[in-house]
Amino acid sequence: METALAKTLQKRQVVFLVILLFLWEAGSEAIRYSMPEETESGSFVANLANDLGLRVGELATRGARIHYKGNKPLLQLDIKTGNLLLHEKLDREALCGVTNPCILQFQLLLEKPVQFFQADLQLTDINDHSPEFLDREMLLKIPESVQPGTVFPLKIAQDFDIGSNSVQNYTVSPNSHFHVVTHNLGDGRKYPELVLDRALDREEQPELSLTLTALDGGAPPRSGTTTIRIEVVDINDNAPEFLQALYETQVPENSPLNSLVVTVSARDLDAGMYGNVVYALVQGDDVTQPFVIDKITGEIRLKKPLDFETTQYFNVQVAATDGGGLSGKCSVAIQVVDVNDNAPELTMSKLASSTPENSPETVVAVFSVSDPDSGDNGRMVCSIQNDLPFILKPTFKNFYTLVTERPLDRESRAEYNVTITVTDMGTPRLKTQHNITVQVSDVNDNAPAFTQTAYTLFVRENNSPALHIGSVSASDRDAGANAQVAYSLLPPRDPSLPLASLVSINADNGQLFALRALDYEALQAFEFGVGATDRGSPALSSQALVRVQVLDANDNAPFVLYPLQNGSAPCTELVPRAAEPGYVVSKVVAVDGDSGQNAWLSYQLLKATEPGLFGVWAHNGEVRTARPLGERDAARHRLLVLVKDNGEPPLSASVTLHVLLVDGFSQPFLPLPEAAAAAAQADPLTVYLVVALASVSSLFLFSVLAFVAVRLCRRSRAGLAGGCSVPEGHFPGHLVDVTGTGTLSQSYQYEICLTGGSGSNEFKFLKPIIPSLPPPNTGEGIEENSIFRHNFEFN
């Protein structure tokens, strides 16, 4: 697995290098400017807009900026005019040292879209430094036997300027023995040599003092002086000679201090003190010179760390002087070998504060990399983690852009920690890591989601207005305003439903309120839609269904359908005295507008004329005889029946029954409900025959009774000249129980009266006792009768 990963990284590095080389070749042409050093800050350098062929306003709209290595502000760009100005005074010696030419590279970065332009600013040297000798006095011991034309090397003067502004010539104060000759070193510097013109005579003048002057080539020229003190010593006819005129060596820049660089060797044929050779470095200064020589052994060692990136080559002059003052010289060429001692550097040019989700190919960051090493030590590759949705793209030279590889999803991951790794190709490889945090900004791509697709709420009827009946809740995976949800009621599917007057919703928290009292008998349930909309742009929404169930409350008292209590003549039930216990006298029929246990009715005999004679069945309202009727029992009875529901608290209604005990005609015995149920299980044909026989017998008995009554009525008229004698009040009776309940319906109750007058006999028959009820005047009455008919037929 590690081998596969390494191969993948190598492939990516090769691709990056190829693209980098291509962009390097494509963008190698650079705009070059030149300016003298020490120019005042704010000075005009050039107009970049004109030089690059850009419009002045384009710099501002495209986000133009100047990028330098190290981010040190040397120049500033006026994006309004396109002028490139100096940010501060530039010191060529501080920026470039002895490097010539001194070129400062910078790039013009256009961010929208990303585009680079390379530009170079060359700082030309001005003569702002005078030559300086590090020693105020140089001592030369010259034997008197030295022949004219002998050359004595002198220490050079240092001048931080370059070119013509550096040291160009050396002169010596006028004298009769010496003159100075100026020579060039291999690195362009000039050094002086003192030439003997006339032989010295110690007896004539044992010591001389000369002034050595170094002149640069500036205009006007600058100069520096030192004193040459010459001691004339006794004769020494052999000068030291080095084994080699030029020593060449290489030193790795990471060599430890005091390590041996090279050993020089000189010999002197003289003996004694004139043959003892002392070595010394005659070029350079002790402050900046990184080398030191052992004056006895000639070993040159390292006293200061070397830095290939600062100086790659040293040319050291070594002088060997014997005890007689004669000296020889040689050159030591030291080449500094680069090692991979500098890790790559990363400079961030642009870093976006946040990156919107769902936006591929978005530039997140722009940065540059550099490595001051050379060769493979300075070649670099950039990489990031493989498990991130980002890629690195080389753009211009060592510039890279970090862009999104695919659309991001903030809801899955809102933040990424990206580690940019820059590795060089040296041995060992050095790397630099830079960590950035990429924040993913939210886009409204998620609609609110309800916790339930359908809600069921329960509300008891007769509620108080503005009652909180429940809540709906929706959440949004987005953030900020995109996640703020507002609730609303949707138009109902049924246009007849007055939803706006029934419920309202709190737009902020989804709480639902009943606007008015609900009536279970009018509206048992209703449905409506609720919408949740976020505050994004564009806004997204979702819907949920809410069903409100109205719970019944015991707010309707029982209503008696039979017998009617409408203020008309009371209905009198006829009971034969021969009726046996359990005889069905009548049946109280009542309904309740409520539902459930609130509509469960129970019946109770609240008051009777003669207690213990009649009873009421609690569940069906049937009024039955409790014992056999006797001759002593009163003919008229008044029963008060209480009808009560099962609500909490219970509601009730009462009804009054009038019962008339009659005798003189046969009454069919109405069996108990248990006997009727057993008879219902008999054969249907037998039932039909029994019903037919009972009907014919009843009709015959009725006819006989009617005939007898007519005869008695006529006889009474003849004797008493009176009218028809009938019982007080109406004469209803249960002649035939056709419904099985023991009570005839009103349409089967008739008045029987035999009348006669003027000698004519009139047989009145089949005349209803209870007149037909007039139709109710109100629609509510119509609805109640309709309910009664429907319920009665259904039951």
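This is a predicted model: local features need pLDDT of at least 70, side-chain atom pairs count only at pLDDT 80 or more; totals for chains, interfaces and linings use all residues.
Is L196 buried or exposed? L196 comes out as buried, because its relative accessible area is 1%, and the cut-off for buried is under 20%.

**Entry 1: around L196**

I placed L196 first. It sits in strand 12, which covers residues 190-196. Next I looked up who touches L196, skipping residues up to four places away in sequence. The list is V146, Q147, P148, G149, T150, F152, H177 and F178.

**Entry 2: the largest nonpolar core**

Then I went to the cores. The largest nonpolar core has 28 residues, and the members touching the most others are V45, I66, L75, F106, L108 and L121. At least two residues each come from strand 1 (31-36), strand 2 (44-47), helix 2 (48-52), strand 3 (65-68), strand 4 (75-78), strand 5 (83-86), strand 6 (102-111) and strand 7 (114-124). Strand 6 is the top supplier to this core, with 5 residues.

Setting aside neighbours within four places in sequence, I find L121 in contact with Y33, S34, M35, V45, L75, L90, C102, I103, L104 and F106.

**Entry 3: D442 and its polar partners**

Which side chains does D442 reach by polar contact? I found R410, at 2.9 Å from side chain to side chain, and N482, whose side chain joins that of D442 at 2.8 Å. D442 itself is in a loop, between strand 31 (431-441) and strand 32 (449-450). Leaving out residues up to four places away in sequence, D442 touches E357, R410, E411, D478, A479 and N482. So both polar partners turn up in the contact list too, as the 4.5 Å contact cut-off would lead me to expect.

F700, V704, F707, V708 and L712 make a nonpolar surface patch of about 500 Å². I followed up V704, which I located in helix 7, residues 684-720. How exposed is V704? Its relative accessibility is 35%, so V704 counts as partly exposed.

Notes
Residues are numbered from 1 along each chain as its sequence is written. Side-chain values use heavy atoms; hydrogens and water are left out. Patches are made of residues with over 30% relative accessible area and no salt bridge: like charges are joined within 9 Å, nonpolar side chains (Val, Leu, Ile, Met, Phe, Trp, Tyr) within 5 Å. Accessible areas come from the Shrake-Rupley method with a 1.4 Å probe; for residues, only the protein chains shown count as cover. A salt bridge is a side-chain nitrogen of Lys or Arg within 4 Å of a carboxyl oxygen of Asp or Glu. Helices (H or I, at least four residues) and strands (E, at least two) are DSSP runs, numbered from the N terminus. Buried means under 20% relative accessible area, exposed over 50%, partly exposed in between (1.4 Å probe, protein chains only). A polar contact is a pair of N or O atoms within 3.5 Å; within protein, one must be able to donate a hydrogen and the other to accept it, and residues adjacent in sequence count only if both atoms are side-chain atoms. A nonpolar core is a set of buried Ala, Val, Leu, Ile, Met, Phe, Trp, Tyr and Cys residues joined through side-chain atoms within 4.5 Å.
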